[in-house]
Amino acid sequence: MIDLRIELVGVSHHQAPVELRELVAVDVVGASSLARGLADGCEAVVLSTCNRTEVYLAAGDGGDGLARRATDELLRRAGGDAGGLERALYRLSDESAALHLFRVAAGLDSLVPGEGEILGQVREAFEAGTTGPHLDRLFRMALHAGRRARVETAIGESPASVPAAAAALAQQVFGDLDGHAALLVGAGRMSELTARNLLSRGARVVAVANRTAAHGEELARSLGARAVGLDGVVQELAAVDVVVASTSAPGFVLDAVTAGPTIKGRRGRPLLVVDLAVPRDVDPALAQLDGCFVYDIDDLEAVVESSLAGRRVEATRAERIVAEEADRFREWQASLAVVPAIASLRARAEEIRRRELEKAHARLERLSEGDRQAIEAMTAQIVNKILHTPTVRMKEAAVTADGVVYAEVMRHLFGLGEDVGLTEESAGGEDST
Amino acid sequence: MAEFLVWPALIAYGEAAVAYAGELRGPGIGGRLATWGVRIGWLAQTALLIVQAFGSDGFPWGTWAGALNLFVWLVVAVYLVWGCTPRYRLLGLAVMPIAAVLLVLAWAGGGTAVDEGNSSGVLLGLHAGFMLAGLAGLTVAAGMGALYLWEDRRLKRRDSHLLRLRLPPLGTLDRLEARITAAALALLSIGIVAGLPRLQGRFDVSMAFTLVLWALVATALVLRREAGLQGRRAAWLQLSGVGLVAIVLPVTHFAS
C-alpha cells in the first residue's frame with residue numbers, strides 16, 4: 001500500500017526578518033541543486049523567493065526523517081544564526097503542507113495579497129525540482145489553484161503601488177497604451193518607476209525634462225527618450241498623453257496660466273497628469289480643463305489603498321477556491337491507498353477471463369474470426385461492468401477514513417496478493433459454461 | 001400565444017435591470033444574473049417577434065407600438081454584443097431599464113399582439129427594419145456616451161474606487177461610440193433608400209425629419225474626423241441627438 005508523506009520545512013516573511021531569510025535564500029540553480037541533494041530516495045522541490053525559502057519533500061513509503069533532513073540542511077546553511085533560524089522555521093505535513101502551497105501559489109500568503117510574481121516562481125521551483133508522481137501532482141494542482149484564483153477573482157487586478165496605480169489610471173483613460181506618449185518632468189526614482197510601469201504596458205516615453213541636464217539625459221537614454229529642458233515642458237504638452245511630474249521644485253512647474261492654452265488646444269483630447277512631487281509640481285486648477293485629469297500623490301495613495309482593500313475582499317473568495325483545490329488533492333491522496341487493491345482486483349479478473357477463454361479455445365475454433373472477436377469483446381465488457389461499481393465505491397470510500405478498511409476487505413475476499421489456485425477457480429467456473 | 005411571450009421577456013429584462021444595479025456594489029453574481037436576464041429576455045422577445053411575423057399577413061410592426069417592440073429587440077440585440085463581457089456589463093444600467101419600460105409601452109399600445117399587420121409589402125418591412133436598426137445603434141452609442149460622461153466624471157473627481165469598479169476606458173468608449181454611430185448611419189441610409197418608393201413623389205414631415213436626422217449624424221461623424229470632435233463634447237452631442245429623436249420621431253411618424 002502507498003503511504004504518501006508530504007513534508008514542508010520553510011521560513012517566510014511572516015516570522016523571519018530579511019537577515020534570516022537571506023541566509024537560506026537560493027537562486028533557481030541553487031534551488032535545483034539543493035533539491036537534488038535532498039532527494040535521496042524521495043522527491044524534493046525548493047521554492048526560494050525574496051519572501052520565503054521552503055523545502056517540499058515527498059515519499060511514497062512513509063518517508064521517515066524527511067523533515068529532519070530538510071531542517072538540518074537549512075540550519076547548516078544558516079551557520080552561526082542557526083538558533084535564530086530554527087525559531088523562525090515552520091514545519092507542515094500532508095494536507096497542511098498542500099494547503100499552504102496552494103495558498104502560496106494563489107498569492108494569499110504574499111506580503112501584498114494576489115501579487116503576480118509568485119505563480120511564476122512556484123512554476124520555476126517545480127521545474128527545477130526533483131519531482132516524482134507525488135510532488136508533480138501537488139505542484140500541478142497548486143499552479144492550477146493559483147491560476148483559478150487569478151482568473152475567477154480580481155485578486156491580482158488592482159495596482160499595489162503608486163507607480164503601478166499611475167500606469168493603471170493611464171490604461172483607464174486610454175485603454176490600450178500602445179502608441180501613447182508619456183513625458184517625464186523630473187528624473188527621480190519615482191518618475192523612473194512610473195515610466196517603467198508605463199513602458200511595460202505598451203506606452204513610450206518620448207521626453208524627459210529635468211533641471212539637471214546630465215541626470216535627465218541619462219534617464220532619457222535608458223528609456224529611449226530625448227532630454228528637454230524644463231522650459232520646454234509646456235510645448236511638449238500638445239503631443240503627449242501622459243505627464244509624470246516629480247521634481248523637487250518649490251513651486252508649480254505646470255501652472256494654469258502657462259500650460260492652460262496648450263491643453264485647451266488639445267480640444268478635449270484626454271491628458272493624464274500624474275503629480276508625484278511634494279510640494280506639488282502641477283497647478284490643480286488644470287483639472288478644470290476639458291479632458292485634463294490631474295492626480296497628486298494623495299489621490300494615488302487613496303487609489304492604492306482602495307485597491308488593496310479590494311484585494312483583501314477578493315482574497316476571501318480566493319481562499320474558497322484554494323480550499324476546493326486542496327480538497328481535490330486530499331481526495332487524490334486518499335485514493336492512493338486503494339489504487340493498488342483496485343489494480344490487483346482488475347488484474348485478477350482479467351487473468352481469469354483470459355484463462356477461461358483459452359480453455360474454451362477448442363470449442364471457439366469452430367466459430368468465425370468475427371464471432372470470436374465478439375466473444376472476446378463481450379467477456380471484457382462483462383468483467384468491466386462487474387468491476388465498475390466496486391471500483392467507484394472503493395474510490396469513494398478512499399476519501400473517507402474507511403478507505404483502507406475497504407481495501408483490506410477486498411484483498412481478503414478476493415485473495416488478492418495470495419497464491420490462490422486459478423485452476424481451482426476455473427474448475428468451479430466450468431459449471432457455468 | 002404572443003401575449004404569453006411578452007411576460008417572460010419583460011420579467012427577464014426587469015430582472016437584468018435590477019441585477020445590474022447590484023453589480024455596482026462589485027463584480028460578481030449580480031453581473032452574471034443580469035447577463036442571463038438579458039439573454040433569456042432577448043430569446044423570449046425573439047420568439048414573440050417570430051410568432052408575430054408568422055401570424056400576420058403583412059408587416060406586423062407598422063404601428064408606433066409595434067415599431068417600439070421591434071426597436072427594443074434591436075437595442076437589446078446590439079447591447080448583447082458587448083453586454084456579455086464583464087467590462088461592458090454596466091452599460092446595461094443605461095440600456096436595460098429603458099428597454100424594459102419601452103417594452104411595457106409597446107405592450108400597452110398593442111404592439112406585442114398578433115394582428116393583420118400593414119399590407120404595404122416588403123419595402124415597408126425593409127424601410128422600418130433598417131431605420132429601427134439604425135436608431136437602435138444610435139441609442140446604444142448614446143449609452144456609450146452616457147458611460148463616457150460617467151467615467152469622465154469619476155476621473156475628474158479622482159474617485160479612489162476607480163480601479164475597483166472598472167468601467168471601460170474612456171478612449172475605448174469614445175472609439176466604440178464613433179464606430180457604432182458610423183454603422184447606424186449606414187443602416188439609416190439603407191432604410192431611407194428603401195422608404196423612397198413609398199413616398200410616390202410626396203414629401204412629408206416624417207421624410208424631412210428623417211433626412212435632417214441623417215444629416216446630423218453624418219455631420220457629427222465628419223466633425224469627429226475632421227475637426228477632432230471627441231470625448232465629452234461628442235458624448236453630449238450623441239445623447240442630445242438621441243433625446244431629440246426620442247421626442248420628435250414619434251410625433252412625426254405616428255401622430256396621425
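## The helix pair in chain B

In chain B, helix α1 crosses helix α4 in the left-handed sense. Keep in mind while looking at this that the model is predicted. Helix α1(B) covers residues 2–23 and α4(B) covers residues 91–108, and their axes come within 8 Å, crossing at roughly 155°. Angles over 145 degrees count as roughly antiparallel, so α1(B) and α4(B) are roughly antiparallel to each other.

Which residues of α1(B) meet α4(B)? On the α1(B) side you'll find Val6(B), Ala9(B), Leu10(B), Tyr13(B), Gly14(B), Ala16(B), Ala17(B), Tyr20(B) and Ala21(B). Facing them from α4(B) are Gly92(B), Leu93(B), Met96(B), Pro97(B), Ala99(B), Ala100(B), Leu103(B), Val104(B) and Trp107(B).

## The sheet in chain A

Over in chain A there's an open sheet of six strands, ordered β7-β6-β5-β8-β9-β10, and its pairing is parallel. The edges belong to β7(A), residues 226–228, and β10(A), each of which pairs on one side only. Going from one strand to the next, the twist averages 20°.

## Strand β9 and its neighbours

Let's zoom in on β9(A), which spans residues 271–275. What does β9(A) pair with on the β8(A) side, and over how many bridges? Strand β8(A), residues 242–245, pairs with β9(A) in the parallel sense over four bridges. In that pairing, Val242(A) sits opposite Leu272(A).

Then there's β10(A), residues 292–296, which runs parallel to β9(A) and is joined to it by five bridges. Leu272(A) turns up here too, with Phe293(A) as its bridge partner in β10(A). For Val273(A), the bridge partner in β10(A) is Val294(A).

## What covers β9

Is β9(A) mostly covered or mostly open? It's mostly covered, with five of its five residues buried. That goes for both faces: Leu271(A), Val273(A) and Asp275(A) are buried on one side, while Leu272(A) and Val274(A) are buried on the other.

Helix α8(A), residues 162–174, lies across β8, β9 and β10 of chain A, and runs at about 165° to β9(A). Helix α12(A), residues 256–264, is part of a right-handed β-α-β unit together with β8(A) and β9(A).

How values were computed:
Residues numbered from 1 in each chain as written. Chains lettered and ligands numbered in written order. Predicted model: local features only at pLDDT ≥ 70, side-chain atom pairs only at ≥ 80, totals over all residues. Buried ≥ 20, exposed ≤ 12 C-beta atoms within 10 Å, placed from the backbone. Helix = DSSP H or I, 4+ residues; strand = E, 2+ residues; numbered from the N terminus. Pairing = 2+ DSSP bridges. Right-handed = clockwise from strand over helix to strand, strands pointing away. Axes fitted to C-alpha atoms, helices over the stretch in contact; angles between N-to-C directions. Parallel < 35°, antiparallel > 145°, perpendicular 65-115°, else oblique. Left-handed = near helix turned anticlockwise from the far one by under 90°. Contact = placed C-beta atoms within 7 Å.
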